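This report goes through the fold of one model, chain by chain. Please keep the sequence and the 3D view at hand while reading.

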Amino acid sequence: MKDNRRDFLKKSASLAAVMSVGGISSAMSEPVEKSKKTGSKRPYVKDAGIKFAFSMGITSPKIPYARQMGVLHAVSGVIRNPDLKPWDPKVITATKEAWEKEGIKWTVVEGPPTLGSPTKLGLANKDEEISNFITFMKNLKQYGDVDVICYNWMPVISWARTQMDRPGRGGALMTAFDYEDMKGKPLTEFGEVSKESLWKNLEYFLKAVVPEAEKIGMNLSLHPDDPQVDSIQGISRIMNTVENFDRMLALYPSKFSGLTMCQGNFSLMGADIPALVRRWGKDKINFVHFRSVQDLSGVLPSTKFTECFHDEGQIDMYEAMQAYYDIGFNGPLRPDHVPTMFGETNERPGYMTLGNLYATGYIRGLAESVAKNGRKG
Amino acid sequence: MKDNRRDFIRKSASLAAAISVTGLSSCSESGKKSDGNETAKIVEWPVIEGPATPKICVGLGSNATVAAMKQIKQIGVDYVLMGGPPIPWKVEDLKAIMDRFKAEGLTVINMMIGGHPNTIFGREGRDAEIAKIQESLVAAGAAGLAVVEYNFYADRLMEGYYEKKGRGDSGITAFDYAPAKDLPPKPEIGAFTADQLWENITYFLKAVIPVAEKAGVRMALHPNDPPVPISHGSAQIMATFKDWKRLIEIVDSPSNGMTYDCGVSREMGEDPLEVLRYLGSRDRINHMHFRNVTVQEPYVKYEEVFFDVGQVNMFAVMQELIKVGYKLGIYPEHPRGLDYDKEHPGGIGGGYPGGGGYTGQAFNVAYTRAMMQAAQSI
């Protein structure tokens, strides 16, 4: 683990040397040194000005604990009503009011309705789906006061893991992925799906949707593929490298066509998270999944990894938090996947309660460290 | 030099980010060129505890089950503290306890020693108690126990604590001296003056510290908490910063140290950083409590709150700890009362009004770990 990281640093250092980049980043690195040594000059803000959030539905057992932790933002879907479409203003209004009653602000929709295989695979009914998506987006902003939608470009097979109970420290259960275990799995009913078609469909979607998002101020946030491998069961993956994200961002350049900085996935691609946060900045990063991972494959991009506790992974979490602070990130952030802990069933791997409470203590400790560095009181 | 190196790494890292690193392995040939710089300090992540860092620890019973030990391991803690056996301690007993924890990857860093009332009160029988404590310290040294903690008060004023509700109806431990101020002496204890207690602790320290020093054991006196001047008619001699300074001068040895508590320091209206620097620069912090408070009136009225809520700048404390080179136990203590622990019995319980258990502790430990990693990264 350590060796990989060191290796990576070494390799990237040597690459920098080879390519002689003094000019590129000197403007970038100096303010960092300054802020780290002398501390922040900004007025102190709780949680470094970031909106701490949990992923939870309106019936989640996490809600009372969220209030006690001071995590006052929800990443939540709409409360489904069998008689109404999920983009119906009544549905959205009811969801907003339900959260208000809980004393928690509804801030993000992750995995929006009406964005599925038709749009991502370019099927016949894609225009209807996109049109509904635009309606959803507008109503969500107008009636729900939600301005972040986190979506992904993984049709058919979404989040994938090959193990849900890998033993971690003290017997905590972690999710893990090994690309080897996916090989030989059959194609889906959609057969081989090419990267070109996914790009084409993504471009079509963005060109239809982003102008509307701009009008209403909806921060679209594309989540990287998880896992960030080349393809699964014949379905290609395209949001799996930093270059591809740059390409995506250029398809329709806009503050409202941004991304979700899922630290785990980008780290497994081989990226240095703090540097990437600084480079993309506040205008591209609309939402953060603050987590860490351990690569187990010995190479990056990773083909085998596990999702560990926040404090024991390969990502420089302090420098990452410093980077969010320096770019002035003030959007929502959630802990994302956490190990299943003592006394918990593993019914929703990655999303059980204790790990989230532990993660909150950790993230808050980091945010406070960054925001209080150099302050006396 | 160091800065240049760090700059260099950062620049290259941002370049790597800029172009992603697919195919970087082809550079491994020239990568060897950077080996010359390997001695420069780069903080490796995950940042872990080492011989030169503080060690996060939590309390467990000496008879804790393996399941309880695993719970502690899950929150990333490798060190524990506990009450020791009755005095005199025997090396084989200590080893048996410590080995049981070791088998689960936990090091016992601190045991609380007790059973010395005659010593505190200066009564007949104190020499026999002191002899047992001396024997215990020798056993501790032989067993490899780094720190022995103890108390020295006539009575602890628990009556002033009461529960308050904090954010989301969590439990807060509040303290008010007023209703407990004039409680009478307990008949079995009586009332002691500060002079008497100072005399008794002096007698004690002169007898035990040389033994501790020789055994390679550090003693840590727990401050009075609550730090009120009088408890049930008896004076308290560990309830001001001046008292603490006086304590460490009685016997001039690193074995004659304290449990530094940034929360208690603030309860007394002191600057926790100043206290830390004073004790730390003299190498007299042998154990430490990490917690936060909101004080209405020093010594008299305050609340033990979430770490991220109180008046102590916890990160400044952590940075200072790293700066003074503190490397013994850091105990994120007094978890807040969270509903999760009430609804999920079987966690590790707490003992204070408004106090909590395992879940609150998990939050505290994670917060402390983050600050420790941050302080090591800067």
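## Chain A overall

The model is predicted. Chain A has 377 residues, of which 54% are buried. Its secondary structure consists of twelve helices and 14 strands. Among contacts in chain A with a separation of 6 or more, 72% join residues 24 or more positions apart.

## A helix pair in chain A

Helix H11 (residues 317–327) and helix H12 (residues 353–372) of chain A have axes that come within 9 Å and cross at roughly 60 degrees.

H11(A) contributes A:Met317, A:Tyr318, A:Met321, A:Gln322 and A:Tyr325 to the contact, while H12(A) contributes A:Leu366, A:Ala367, A:Ser369, A:Val370 and A:Ala371. Eight of these residues are nonpolar, two are polar and none is charged.

## The barrel of chain B

In chain B, eight strands form a closed barrel with parallel pairing, in the order E1-E2-E3-E4-E7-E10-E11-E14. From one strand to the next the twist averages 30 degrees. Strands E1 (residues 55–59) and E14 (residues 329–332) of chain B pair in the parallel sense over two bridges. Within this pair, B:Ile56 stands opposite B:Ile330 of E14(B).

## Helices across the barrel strands

Helix H8 (residues 241–250) of chain B lies across strands E7 (218–221) and E10 (256–261), at about 155 degrees to E10(B). Helix H13 (residues 358–377) of chain B lies across E1, E11 (285–290) and E14, and runs at about 170 degrees to E1(B).

Definitions and conventions:
Residues numbered from 1 in each chain as written. Chains lettered and ligands numbered in written order. Predicted model: local features only at pLDDT ≥ 70, side-chain atom pairs only at ≥ 80, totals over all residues. Pairing = 2+ DSSP bridges. Helix = DSSP H or I, 4+ residues; strand = E, 2+ residues; numbered from the N terminus. Axes fitted to C-alpha atoms, helices over the stretch in contact; angles between N-to-C directions. Contact = placed C-beta atoms within 7 Å. Buried ≥ 20, exposed ≤ 12 C-beta atoms within 10 Å, placed from the backbone. Nonpolar A, V, L, I, M, F, W, Y, C, P; charged D, E, K, R; others polar.
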